[in-house]
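Please open the model in your viewer, and follow the selections below in the order in which they come.

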Number of protein chains: 2
Amino acid sequence: MRVKTGNKEKDILEAAIRVFAKNGYHGAKMAKIAEESNVSIGTLYLYYVNKEDLLVKVFENLWKSLYNELEALANRVDFSVTEKLDHLIDVFFDIFSSNSDLATVFVNEQHLVMRNPEVQVMYYHDFMSKAELIIYDGQKGGSINPNLNVKALRFFILGGIRNLLEVWALEPRLIPLPIMRNNIKTVIKNGLIHKN
Amino acid sequence: MRVKTGNKEKDILEAAIRVFAKNGYHGAKMAKIAEESNVSIGTLYLYYVNKEDLLVKVFENLWKSLYNELEALANRVDFSVTEKLDHLIDVFFDIFSSNSDLATVFVNEQHLVMRNPEVQVMYYHDFMSKAELIIYDGQKGGSINPNLNVKALRFFILGGIRNLLEVWALEPRLIPLPIMRNNIKTVIKNGLIHKN
DNA sequence: AAATTTTATGAATCAGTATTCAAATATATT
DNA sequence: AATATATTTGAATACTGATTCATAAAATTT
């Protein structure tokens, strides 16, 4: 019996994220992913069934992490709804700030995964439901405007975050991450219009 | 001398939008675009240099329209900054509400165009500068919180709109367009947090 | 140290599709 | 109605790159 050395599965996935980020999913070549992960092309197919599987696994890992963080957050009884939303923004920024390539892939390729009805990204819908629940609680508790549509809000906020992350991944210097984070929080908390 | 009949250039571009929306840029086949526009494959190449050119032209037209609308809006002296932002949201929704395929392409494929340094989409940057100028004026005039970063705001808001349009293009029934429009306006005007 | 089993390799295969271009067709001109 | 010119066609081409699989290498067992 021979035993696997290193962690090729992980190496390959991390290389895939880098290559997907740099070239886009369709521009990414399996040969390049193999090279980046110091593995032969054939080995890619020992750990992942094909190129699409690599992309799906990237998103599964991501949404699983995001969901776990959100779940821990949602259960905190010592946080108000406002604080939960505040920390939810941190969850996103924390995950992506340590991996800008992941942010790029997230922003640009998510629709490829979502468009395909054959693949169900686990944890994605769980994440969304739980995020909506927080907003809904806020409306019941009176801290969030009850006239706003929960789903619309959720998409709007996540879309805004997504776009900012894209900008940051493309040009990290243009708007520093902490600035983005604070701006989003301010907009969500106080709204765009300044009232004295 | 023979004269061109119909408007193949337009027919082709409209077919391309439909096919790009349905299959994504990379999933879209030139043969399908030819079929949809009632033209032979060869004819596509008489009007557009290649597949990428089709995509670029879609975005050039789009940003040109958006820019023209915004310019007219920005020049209105009878509108306050707040009203201008309000109408800016209408500009987006008006253009896309009559063409959901265009919304889908806009949301999903913009990064392909932006990633390529060889193509400069005309009017895109003009649009963005002008949009930032409105926000900036609002800050100078005191109606917008001066602590907010103009670029960050611009990306956040457009990202939110983009995401909502994506949802609408995928599932038009989930959140009706007027609801989306009003929600965005409320969030921008009053902020997420409800104050009595 | 030979045999066995698992893991890894990468050249060759194969399928898909954007693009080309020689030929055909339609309109206009003489 | 013959000629000239512009427009259109779509089968054939050319290329790219994902995937396969016969072979090799490494670890483990006997």
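Select chains A and B together: in this predicted model, a rotation of 180° with 0.0 Å of shift along its axis brings chain B onto chain A with an RMSD of 0.1 Å, the superposition being by least squares on the C-alpha atoms of residues with pLDDT of at least 70 in both copies. That is the relation of a two-fold axis. Both copies use the same surface, since 100% of the contact residues of chain B (contact meaning heavy atoms within 4.5 Å) recur in chain A.

Residues are numbered from 1 along each chain as its sequence is written, and chains are lettered from A and ligands numbered from 1 in the order in which they are written. Local features need pLDDT of at least 70, side-chain atom pairs count only at pLDDT 80 or more, totals for chains, interfaces and linings use all residues, and side-chain values use heavy atoms, with hydrogens and water left out.

Next, colour chain A by domain, with bounds from an automatic or database assignment: domain 1 covers 1-48 and domain 2 covers 52-190. Their contact takes 13 residues from domain 1 of chain A and 14 residues from domain 2 of chain A. Between them the two domains bury about 1200 Å², 81% of it on carbon and sulfur atoms, where buried area is the accessible area (1.4 Å probe) lost on putting the two parts together, summed over both. On the domain 1 side, select helix H1 (8-27) of chain A, a DSSP run of H or I with at least four residues, which gives the most to that side, with 10 residues.

Finally, move to helix H4 (residues 51-74) of chain A, whose 24 residues reach 35 Å from first C-alpha to last, close to the 34 Å expected at 1.5 Å a residue, that span being 1.5 Å times one less than the number of residues.

Methods
Helix = DSSP H or I, 4+ residues; strand = E, 2+ residues; numbered from the N terminus.
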